Amino acid sequence: MQNIVTTELRPGMMTAAPACTNAGQVIIPKYVTLTRQLISHLQFYGITEVSILEDTIPTSEGVSSSDIINYDSQLKIDIESKHLKHSFIESLVNLTRHLNDVIIKNDNNEDDSLLSQTLRLLDSMQETVDVYDILHQIRKYDESTYAHSINVAIICRLMGQWFGKSKEDVDTLTLCGLLHDVGKIKIPRHILTKPGRLTNEEYEVIKRHPLEGYNMLKELPIDARIKRCALMHHERSDSTGYPLGLMKDDIDEFAIIVSIADVYDAMTSNRCYRIGLCPFEVVANFEREGFHKYNTRQVRSFLNRVVDSYMNNYVLLSNGNQGQIVWKNQEHLARPTIYLPTRNFLDLSVHPELYIQSII
Ligand SMILES: [Fe+2]
Ligand SMILES: [Fe+2]
């Protein structure tokens, strides 16, 4: 038996002992023949060394040109895996900034964070569908679609928990969020990543991504709701959505949840051409647009949770004043009452000229 650093591992080697994380979680048991996928997996979990049976380690004389090609592709996979892990964490940090208190209040068990729950879920999928591979493809095509997919997955997971869904449904909802925009990798990159306004023709091309996504997923052995979410996440209950213009009862319930998470993340995330909106501006947008485009009860419940998470936070108002959120207004969630340093209460619902500009 010999300890081999993970970057030196090659397909065909066999583990002599279980490969474990620092926390003691077994990632690969002993006597398993490594594949490229398993090696990527070890990298993903940050495992730096693995015990290998010596007689499965190729000798230097035995190196052929195909091994060298494999080595190059392996190296590429190694690098991609490192980036994958890095961007998972980066995305979570990014998301944490938007949903800071929501995450902390709902995810205070560090041993079982939303991220580790999601990673475990992806692991459990490996036997049916390699979700990591799909994520690799999305990431290689467009970094911001990849980060957005993870954010939407985590928000969907939270929403599933908030709405009291079963564990299985929460897992399915997470996958619905993770794969909802997979069809974007079929959209020409120059249109997908174009900063600024799209022409009508370009917008029509972008609008093809739900159908493209559905076609990519339809043959896979996964829950039908994941496929329907790819197809229906831009449908709206009042039939103003696309690609089919469906009415409320014809839209998958999970697709409506994904659509709320999707819009929330799209508005709060920073893009290269604009800074993300403050959560209260996003809540205001939802209120202006009307809850009837979604599931009224669910969107109201989601926005309530978002606003609740910012209670007692200090905010900057559009007139430059600062204050503390002290009272939620159920009729105007984006317009709570603010306690000012002058010891006055400011009810934003009767001051339409003012709004919350940022959380401080
Ligand atoms: Fe989409
Ligand atoms: Fe999306």
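Predicted model: local features only at pLDDT ≥ 70, side-chain atom pairs only at ≥ 80, totals over all residues.
**The iron site, term by term**

Biologist: Why is the site of the iron ion (ligand 1) called irregular?

Modeller: Its four donor atoms make angles of 87 to 176°. Four donors are tetrahedral if all angles lie between 85 and 135 degrees; four are square planar and six octahedral if opposite donors are over 155 degrees apart and all others between 65 and 115; anything else is irregular. Side-chain values use heavy atoms, without hydrogens and water, residues are numbered from 1 along each chain as its sequence is written, and chains are lettered from A and ligands numbered from 1 in the order in which they are written.

Biologist: What makes D181, H209, H233 and H234 donor residues of this ion?

Modeller: Donors are N, O and S atoms within 2.8 Å of the metal (3.2 Å for Na, K and Ca); water is not among the atoms, so sites may look incomplete. D181 (OD), H209 (NE2), H233 (NE2) and H234 (NE2) coordinate the iron ion (ligand 1) at 2.2 Å, so they qualify. D181 also coordinates the iron ion (ligand 2), 3.6 Å from ligand 1.

Biologist: Why are H209 and H233 called buried?

Modeller: Buried means under 20% relative accessible area, exposed over 50%, partly exposed in between (1.4 Å probe, protein chains only). H209 has 2% and H233 has 0%, so both count as buried.
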